[in-house]
Amino acid sequence: MPETQRRPESRYGNRPTMKDVAARAGVGLKTVSRVVNGEPGVTPETERRVQEAIDALGFRRNDSARVLRKGSTASIGLVLEDLADPFYGPLSRAVEEVARAHGALLINGSSAEDPDREQELALALCARRVDGLVVIPAGDDHRYLEPEIKAGVATVFVDRPAGQIDADCVLSDNFGGAHEGVTHLVAHGHRRIGFIGDMPRIHTAAERLRGYRTAMEDAGIPVEDAWMSLGATDPLRVRRAAEDMLSGPAPVTAIFSGNNRVTVTVIRVLAERARRVALVAFDDLELADLLQPGVTVVAQDAATLGRTAAERLFGQLDGTLITPERIELPTRLVTRGSGELPPAD
């Protein structure tokens with residue numbers, strides 16, 4: 001742009017202050033403060049002039065000084081496992097809605113299932129003086145949060161319990177849901193039932209495996225090692241596990257998949273085979289009802305998990321909830337056809 005056409009620099013800079021607003025409106029700083037904070041004592045005409053100055057300058061209130069005065073940011077942090085996982089969408093939205101109802105802002109981030117990253121993110125949020133944390137833990141040692149909790153940071157764990165500290169947690173009945181799903185397959189005639197789950201160190205994966213094993217034991221069915229596979233949920237690992245279970249002289253006739261990411265790969269493997277194999281999946285997934293057959297699932301209510309955790313958090317903040325509790329929410333078996341297929345042999 002030629003020198004003569006260059007836009008003149010604003011004397012107010014990129015971030016106008018209350019002092020700039022006061023100068024433009026021809027009033028004192030205290031008057032601007034009253035208008036910005038909705039306090040009484042300003043005439044309608046003066047308020048109009050101040051508001052016009054605010055609009056003209058693009059002024060936005062900086063809450064830093066208020067934080068220093070009140071020791072509260074009116075914000076909470078949410079540490080998720082993976083923002084891309086569809087399970088966490090409704091959970092995050094529910095936490096946000098509860099926060100909004102309490103006049104608080106939600107700040108979230110992903111740990112990527114890395115305990116070190118979880119700790120780094122949680123402590124970074126605390127350093128920014130959030131009033132509380134909702135944590136879906138990646139690690140199993142949360143003693144690093146003890147100083148923050150003692151300093152007044154309300155903390156609730158959701159989906160998985162905290163490790164080595166006493167804290168509120170809100171969980172689904174992972175054991176009971178898996179037990180019900182596997183028992184459902186047994187009731188439809190299956191005895192060779194495979195289980196493909198997430199990393200065994202993860203609480204939800206371990207509980208779902210325990211539910212599977214207990215259901216098989218209750219049915220008097222010995223479990224073979226080849227029928228169980230836990231590990232990373234990447235498609236290559238899951239595909240290999242499913243293909244191994246479905247091969248050989250005595251393949252499994254049904255699969256119980258441990259979460260939605262495992263289920264997607266299992267569905268692809270089953271679609272490539274002529275022999276029909278029963279499937280029950282832990283976690284519902286989009287379009288599961290439109291497949292042929294529809295996918296039978298053990299559904300957990302992610303939104304209720306998030307809402308309950310957030311309400312516990314604000315209960316801590318207002319002083320009505322003091323003693324940490326473990327809350328376990330029920331799951332629901334949704335039958336759609338895949339879990340009701342009889343054994344093919």
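**Figure 1. Pairing of Ala299 with Arg332 in strand E12.** Arg332 of E12 is the bridge partner of Ala299. The structure shown here and in the following views is a predicted model. Strands E10 and E12 pair in the antiparallel sense, and three bridges join them. Helix H8 lies across E12 as well as E6, E8, E9 and E10, and runs at about 170° to E9. Helix H11 also packs on the sheet, where it touches E6, E8 and E9; the direction of H11 makes about 165° with that of E9.

**Figure 2. The open sheet of six strands.** The strands follow the order E7-E6-E8-E9-E10-E12, and their pairing is mixed. Strand E7 (228-230) and strand E12 (332-334) stand at the edges with a single partner strand each, so one side of each has no neighbour in the sheet. On average, neighbouring strands of this sheet are turned by 15° against each other, direction ignored.

**Figure 3. The largest nonpolar core.** This core comprises 41 residues, of which Ile196, Tyr212, Phe256 and Val266 touch the most other members. At least two residues of the core come from each of the helices H8 (174-187), H9 (203-218), H10 (235-245) and H11 (260-271), and likewise from each of the strands E6 (193-197), E8 (254-257), E9 (278-282) and E10 (296-299). Apart from this core lies another, of 24 residues, which include Phe87, Leu91, Ala302 and Ala310. When residues up to four places away in sequence are not counted, Val266 touches Ile196, Val238, Ile255, Ser257 and Leu279.

**Figure 4. The aromatic cluster of Phe195, Tyr212 and Phe256.** Ring pairs link these three residues into a cluster, and the structure as a whole holds three aromatic pairs. Phe195 and Tyr212 form a tilted pair, with 5.4 Å from centre to centre and 35° between the planes. This pair links distant parts of the chain, as Phe195 belongs to strand E6 and Tyr212 to helix H9, 17 residues apart. Both Phe195 and Tyr212 are buried. The ring centres of Phe195 and Phe256 lie 6.0 Å apart and the planes stand at 15°, so this pair is stacked.

**Figure 5. Arginine side chains over aromatic rings.** Arg208 lies over the face of Phe282, at 3.8 Å from the ring centre. The charged end of Arg210 sits over the ring of Phe175, 4.0 Å from the centre of that ring.

Figure 6. Glu113 is placed in the loop between strand E2 (105-110) and helix H6 (115-127). The relative accessible area of Glu113 is 14%, and the residue is therefore buried, the limit for this class being under 20%. With neighbours within four places in sequence left aside, Glu113 is in contact with Glu81, Pro137, Ala138, Arg160, Arg201 and Ile202.

Key. Residues are numbered from 1 along each chain as its sequence is written. This is a predicted model: local features need pLDDT of at least 70, side-chain atom pairs count only at pLDDT 80 or more; totals for chains, interfaces and linings use all residues. Side-chain values use heavy atoms; hydrogens and water are left out. A nonpolar core is a set of buried Ala, Val, Leu, Ile, Met, Phe, Trp, Tyr and Cys residues joined through side-chain atoms within 4.5 Å. Buried means under 20% relative accessible area, exposed over 50%, partly exposed in between (1.4 Å probe, protein chains only). Helices (H or I, at least four residues) and strands (E, at least two) are DSSP runs, numbered from the N terminus. Contact means heavy atoms within 4.5 Å. Rings of Phe, Tyr and Trp (its six-membered ring) pair if their centres lie within 6.5 Å; planes under 30 degrees apart count as stacked, over 60 as edge-to-face and the rest as tilted. A charge sits over a ring if NZ of Lys or CZ of Arg is within 6 Å of the ring centre and within 35 degrees of the ring normal. Two strands pair if DSSP finds at least two bridges between them. Axes are lines fitted to C-alpha atoms, for helices over the stretch in contact, and angles run from 0 to 180 degrees between N-to-C directions.
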